[in-house]
Amino acid sequence: MILYKYYGFSAGLSALKSSQLGFREPVSFNDPFELSFLDNAQGPDVKLNDLENKINELKKSVAILSLTRSPCNPLMWAHYGEDHTGFVIGYNVDTPFLTSDDYNLIPVERGDVVYTNTKTIHNLTPKSRDLLHKVYLASQGLEPDDLNKSEFENLARKIFLTKHASWVYEEEVRVVKSFLSMFETTDDYYSDPMRRWNTISKNVAPVTALEQVPGLKIYSHKVDIKEVYLGVRNPLIQRQNEGSTNVDTTISDRAEYEKWKIYSLKMASGSWNLESDNQRASVFHLKKKIRGLLNEFSMSGKEALFLKDKLARIEFNEQDDIEITNWNNYLYLQKNQEFK
């Protein structure tokens, strides 16, 4: 089965190069109503406070992959495809990484989002509170037992897969993972290649890195790419007739080898739909990045004096990569990603 994910231009290029998928903590989602379906609960205040605390913990204890069934939804392109300049990638989701109960709280085949206009009133009972605690423990890495499994899964789907009906256009399918385990050592947990993940971070000072995309977990496991769609305004469409010298063929070579189906999108005449045209892998010939001062560059006097002093005291050549970062009002210089 093929499901799709929308990307902006730069993120899409990274995804095409890596074949890796990014999951995100719900606390960082663009919708503040995520995981709030149960907030229409009834019961004593102390139990309601416990419910709220558990849900808040769940938002930080799981990571969710959002996929969709349609690659040609104009609203999705506008909202998630960087104003139609990005990509949609179709992945083969028939892999244990996405289908197995061993790796997922909610696997892809049970991940269809349910859209509703109302929130059902829930009566907090000892049984429902026990089930919620089991969902919480599962988010911490404890494998749920087979007792009351159907009730456990029903509650998990209500928590993670219920959204307001205004989002129905997304046709969303989710995969929910616990990204940590309180019941295993870190080494044991990450010894399984399907559990390893990294964040996108940037070194800004010695022993200090900042997370560039809050809550994003990039899993190491690679998922097969089957289809790629380029948006109506994707810059690569306009670059097709440019010269083929000084280009990076990393993505185009992979597209040829793995036999991706590649399409460019255009607005259909006489309707509000998007139409697709076949494209060759050569559409992914990318101009190699020109480093240095492009068009305009500015810095403060403080930064200029800092750079003048640093460059006078270190050796460098034309191939070195030099970067200045400002962290807590202190300036740092990196040469080839090492602080000097």
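User: At roughly what angle do the axes of helix H5 (residues 126-139) and helix H6 (residues 149-161) cross?

Analyst: This is a predicted model in which local features need pLDDT of at least 70 and side-chain atom pairs count only at pLDDT 80 or more, while totals for chains, interfaces and linings use all residues. Residues are numbered from 1 along each chain as its sequence is written, and side-chain values use heavy atoms, with hydrogens and water left out. Helices (H or I, at least four residues) and strands (E, at least two) are DSSP runs numbered from the N terminus; axes are lines fitted to C-alpha atoms, for helices over the stretch in contact, and angles run from 0 to 180 degrees between N-to-C directions. The axes of H5 and H6 come within 10 Å, and the crossing angle is roughly 75°.

User: How are H5 and H6 oriented to each other?

Analyst: Angles under 35 degrees count as roughly parallel, over 145 as roughly antiparallel, 65 to 115 as roughly perpendicular and the rest as oblique. The axes cross at roughly 75°, so H5 and H6 are roughly perpendicular.

User: How many nonpolar residues are in the contact of H5 with H6?

Analyst: Contact means heavy atoms within 4.5 Å; among the residues making it are Leu-131 and Val-135 of H5 and Phe-152 and Ile-159 of H6. Ala, Val, Leu, Ile, Met, Phe, Trp, Tyr, Cys and Pro count as nonpolar, Asp, Glu, Lys and Arg as charged, and the others, Gly among them, as polar. Beside one polar and three charged residues, the nonpolar count is nine.

User: Which residue in E20 stands opposite Glu-323?

Analyst: E19 and E20 run in the antiparallel sense. Opposite Glu-323 stands Gln-334.

User: Is His-84 buried or exposed?

Analyst: His-84 is found in the loop between H3 and E5, and its phi is near 70°, a positive value in a residue other than glycine. Buried means under 20% relative accessible area, exposed over 50%, partly exposed in between (1.4 Å probe, protein chains only). With a relative accessible area of 15%, His-84 is buried.

Terms used
Pairing = 2+ DSSP bridges.
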